[in-house]
Amino acid sequence: MSTESPLIGVVMGSDSDFSVMSDAVNVLVDFGVAHEVEVVSAHRTPEKMIRYGRTARERGLKVIIAGAGGAAHLPGMLAAVTTLPVVGVPVPLARLDGLDSLLSIVQMPSGIPVATVSIGGATNAALLAVAMLAISDAALADKLAVYREQLTASVEHKNEALQL
Ligand code: RP5
């Protein structure tokens, strides 16, 4: 992990969410974005969750990526106690395939938004957070452009392989 002050907080309701949320961490490592990773549970550590959200901006965070499964209240509760953008990742559990997590995170009341990605979509959560930082960071915007070019090239390579 970077020794710079973290700009993005990656939090999750349980360490059992890490198998999904590690995708977000990998993207942030690849883009060289300083970040922190923490288990913060809306239900099991509610006071820590509120403290995390309330102090996030003053600690220098710009975006919070929050993943949770089942009764997935963490992203919405964090959004309620900070004005930083919160990106929610529905973590799929063994039952209900993550639809429960998705609906718990996406159906926020008007006034308290959570930018919800797809079930298990931790990669896109991190890319969205990077894009938010890139609004005011030209070097990061360049990295994002290169990433998109590589994505396009990888599709073309697959197409070429299909012609063989
Ligand atoms: C949620 O409960 C967590 O985000 C996790 O997805 C789910 C299950 O947690 P564990 O019982 O595996 O700790 O709050």
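UniProt positions are given in the numbering used here, feature names are shortened, and annotations may be inferred rather than shown by experiment. With that in mind, hello everyone: the unreviewed UniProt entry annotates residues 6-155 as "domain: PurE". What we have is a predicted model, where local features need pLDDT of at least 70, side-chain atom pairs count only at pLDDT 80 or more, and totals for chains, interfaces and linings use all residues. Residues are numbered from 1 along each chain as its sequence is written.

The annotated span is 47% helix and 17% strand, with its end C-alpha atoms 33 Å apart. Helices here are DSSP runs of H or I with at least four residues, strands are runs of E with at least two, and both are numbered from the N terminus.

Let's start in the middle. The largest nonpolar core has 42 residues, and Ile 65, Leu 74 and Ala 126 touch the most other members. Such a core is a set of buried Ala, Val, Leu, Ile, Met, Phe, Trp, Tyr and Cys residues joined through C-beta atoms within 7 Å. Buried means 20 or more other C-beta atoms within 10 Å of the residue's own, exposed means 12 or fewer, and partly exposed is in between, with C-beta atoms placed from the backbone. Helix α5 (122-134) gives the largest share of this core, 6 residues.

Leu 74 touches residues including Val 11, Val 40, Met 49 and Ala 66, leaving out those up to four places away in sequence; contact means C-beta atoms, placed from the backbone, within 7 Å. Val 11, in strand β1 (residues 8-12), is 63 residues from Leu 74 along the chain, yet their C-alpha atoms are separated by 8.7 Å. Val 11 is buried, as it has 28 other C-beta atoms within 10 Å.

Now, which residues does the "binding site" annotation cover? In the unreviewed UniProt entry, they are Ser 14, Asp 17 and Arg 44. They spread over 31 residues of sequence but cluster in space, with a largest C-alpha distance of 14.4 Å.

Ser 14 sits in the loop between β1 and α1, and Asp 17 lies in the loop between β1 and α1 too. Ser 14 is partly exposed because it has 19 C-beta neighbours inside 10 Å, whereas Asp 17 is buried, with 25. Beyond its sequence neighbours within four places, Asp 17 contacts Met 12, Gly 67, Ala 68, Gly 69 and Val 91.

Key: Contact = placed C-beta atoms within 7 Å.
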